[in-house]
Amino acid sequence: MAGIEMRNIVKEYGDGFKAVNDISLDIADGEFMILVGPSGCGKSTLLRMIVGLEDITSGDMVIGGDRVNEKAPRDRNLSMVFQNYALYPHLTVFENIAFPLRLQKGLKEDEIQKRVRDAASMLELNEHLDRKPANLSGGQRQRVAMGRAIVRQVNAFLFDEPLSNLDAKLRGQMRTEISRMQRRLGTTTVYVTHDQTEAMTLGDRVAVLRRGLLQQVASPRELYEQPVNMFVAGFIGSPPMNFLPAVVSGQRLKLPFLETDLPAVVAEKVTDGQLLVAGIRPEHFEDARVLDAAKREKGVVFRAQVDVTEWLGDSQYAYIPFESNPEVAEQLAELAAELDSEALRSQLIISIDAMSRLRENHEGEFWADTRRMHLFEPRSGENLTRDEAAAADLARLEQEELAERMEQAR
Amino acid sequence: MKASRQVQIAWVVGAILVILYAIIPVFWIVSLSFKEGDDITNKSFLPTVWSWANYRTVFASDLFTTALRNSVGMALIATTISVILATLAAYAISRLEFPGKRLVLGVALAITVFPVIAIATPLFNLWRNIGLYDTWLGLIIPYLSYSLPLAVYVLAAFFREIPWEMEQAAQVDGATAWQAFRRVIVPLAAPGVFTAAILTFFAVWNDFVFGITLTSSEAARPVPAALAFFQGASQFSQPTAPIAAAAVVVTIPVVILVLLFQRKIVAGLTSGAVKG
């Protein structure tokens with residue numbers, strides 16, 4: 001086991017395109033780090049540079065205190081689970097898992113047998129050991145690939161979108177399985193995904209990448225509550241954060257539907273009449289009718305016409321169209337394209353109590369929790385309302401949790 | 001339903017016709033090889049009396065047995081060398097990017113369609129000058145130059161089918177490039193290797209032009225060439241029946257090989273490697 005340290009890692013292709021651009025990232029021993037981002041953001045390239053399948057153009061890759069830039073993959077003592085599993089089709093499940101052990105010199109047969117059986121029983125593969133990969137289901141193949149990864153004592157596990165080939169139900173099960181396994185073994189893990197549910201649920205920390213640049217590295221909670229910019233704010237959370245044009249008007253802030261006081265932290269950073277982007281998450285809205293009075297005081301109430309509602313049993317979403325400012329609309333369209341999503345029509349998505357009997361095409365009264373609203377500078381996307389102290393608090397909590405877990409693992 | 005039944009019948013009839021067209025000459029040769037003496041003129045398809053006499057004649061003659069030894073030996077050597085070299089070359093071609101890669105493949109393909117007879121005469125002169133005339137090596141070299149490109153072509157296609165991740169996984173698991181090649185890639189390409197080996201073996205086994213032009217004695221003469229020098233039991237009888245017997249004998253290894261490796265050739269071993 002070992003930590004992984006990346007210093008100013010760059011991957012430049014022959015045509016000058018930088019797939020990974022100056023990324024520095026410290027992954028602590030035993031930590032579960034997620035690399036996440038839309039397709040083409042360089043997350044898989046970065047992972048392949050850690051494992052040594054991709055050359056590093058410049059920068060240092062340090063694993064367990066040793067610089068490994070020039071080392072071949074086999075000398076880095078890492079194990080990897082590939083997106084398509086890359087099982088050896090001519091070998092049985094047993095031999096697939098035993099493959100890395102057979103390559104190690106001086107390992108006795110009974111030791112190999114024991115270790116493979118240990119790994120197999122951990123992954124519940126015991127009755128499949130004599131079968132060939134072709135005869136296994138997707139989930140079983142996935143587990144064999146994981147067995148091959150955990151059978152050795154390695155510095156770190158690397159996962160390259162391991163669940164993307166599974167159906168939704170199995171994906172949920174395997175996610176829990178991976179989490180449990182990592183907690184139990186306490187091995188440093190780097191996990192690449194484009195699925196933000198995986199990112200949020202699995203990782204101790206999540207690194208968000210965009211066009212080869214690192215945007216933010218933080219615990220899932222911090223990413224959600226204190227994003228550094230519009231990209232991170234829009235990427236994390238489902239349904240995504242609502243972005244609304246907001247105009248500064250004296251000490252007030254004017255949004256479609258509602259008006260609120262300009263938050264104090266932002267006041268000195270902006271000028272009168274300046275256009276900002278306000279970000280409010282769907283779950284920070286509520287149907288005003290089902291709200292108690294104490295809570296109502298803390299936000300802003302507004303009226304709006306509901307276009308469509310979606311009732312899901314445990315929750316309910318309402319869609320409210322609005323006229324956007326053309327400048328903001330253009331920014332948002334760009335962002336949507338980067339996030340691999342359709343250019344969204346300008347509408348508010350709000351999550352309301354499932355009990356609320358809201359009717360489509362009727363006006364309703366809604367409440368927005370403006371305390372939890374974020375304000376972004378439209379051009380740079382920078383978050384003007386990020387609370388550094390709260391972020392530091394969240395980071396400290398995450399560190400403590402990891403330390404405690406590592407203590408238990410020993 | 002009626003139409004599809006007619007189509008089915010048409011297919012069966014067509015298939016039978018094709019099979020008959022291909023197999024009657026083979027059976028005829030077999031039947032001929034069992035006719036003794038003047039029985040070949042009996043004007044019927046089957047021999048009046050089934051006799052092993054022709055086979056005894058064939059195996060009693062030095063001409064045939066040494067030729068058979070030459071053929072087997074040279075075919076095995078040429079096949080082995082060709083497959084080993086082709087495996088390495090095809091792996092490089094399918095996995096590495098190097099300047100002139102297309103040229104190499106293009107030239108390889110050009111060589112396979114080059115008429116054999118065109119180089120037979122120059123080789124005859126060259127070999128006589130440097131002492132390779134009428135030797136095994138003198139035949140194996142031209143065999144290789146024709147069979148290698150074919151084998152490279154077949155194998156390169158097979159290697160290209162094997163996902164890159166296989167090797168990368170092996171490397172991460174601790175294998176050297178050579179170990180990854182030997183323990184993962186070669187087993188996966190086994191059907192391709194067998195196909196290449198059998199094609200090479202057949203090409204060499206059936207060669208006549210080089211066999212007849214580049215040899216002058218029993219030292220290196222292969223069976224197809226030797227058949228032309230065959231003589232009957234007596235000087236005055238046509239050696240048709242013994243030649244038929246010899247032809248049957250040289251066909252047997254080919255048939256055995258195909259039956260043996262048929263499944264290997266067809267098997268799609270890579271299924272299940274990646275999510276299918």
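Here are some questions and answers about the predicted model shown above.

User: Before we start, which pLDDT limits apply to this predicted model, and how are residues and chains labelled?
Analyst: Residues are numbered from 1 along each chain as its sequence is written, while chains are lettered from A and ligands numbered from 1 in the order in which they are written. Totals for chains, interfaces and linings use all residues, side-chain atom pairs count only at pLDDT 80 or more, and local features need pLDDT of at least 70.

User: Thanks! How many helices and strands are there in chain A?
Analyst: Both come from DSSP runs numbered from the N terminus: helices are H or I with at least four residues, and strands are E with at least two. Counted that way, chain A has 12 helices and 21 strands.

User: What percentage of the residues of chain A count as buried?
Analyst: A residue is buried if 20 or more other C-beta atoms lie within 10 Å of its own, exposed if 12 or fewer, and partly exposed in between, with C-beta atoms placed from the backbone. Chain A has 410 residues, and its buried share is 41%.

User: In the six-strand open sheet of chain A, which strands stand at the edges?
Analyst: The order is S6-S7-S8-S3-S9-S10, with mixed pairing; two strands pair if DSSP finds at least two bridges between them. On average, neighbouring strands here are turned by 20° against each other, direction ignored. Two strands have a single partner strand each, so one side of each is left without a neighbour in the sheet: S6 (78–81) and S10 (213–218) of chain A.

User: Which residue is the bridge partner of A:Arg210 in S10(A)?
Analyst: Strand S9 (residues 205–210) of chain A pairs with S10(A) in the antiparallel sense over five bridges. In S10(A), the partner of A:Arg210 is A:Leu213.

User: At what angle does helix H4 of chain A run to S6(A)?
Analyst: Axes are lines fitted to C-alpha atoms, for helices over the stretch in contact, and angles run from 0 to 180 degrees between N-to-C directions. Helix H4 (residues 138–150) lies across S6 and strand S7 (156–160) of chain A, and its angle to S6(A) is about 175°.

User: In the three-strand sheet, which residue in S20(A) does A:Glu286 stand opposite?
Analyst: This open sheet has the order S15-S20-S16 in chain A, with antiparallel pairing. S15(A) joins S20 (residues 363–368) of chain A over three bridges. There, A:Glu286 stands opposite A:Trp367.

User: Which helix gives the largest share of the side of chain B that touches chain A?
Analyst: Two residues are in contact if their C-beta atoms, placed from the backbone, lie within 7 Å. The contact takes 22 residues from chain B and 25 residues from chain A. Helices H7 (164–172) and H8 (177–188) of chain B are the elements that give two or more residues to chain B's side. The largest share, six residues, comes from H7(B).
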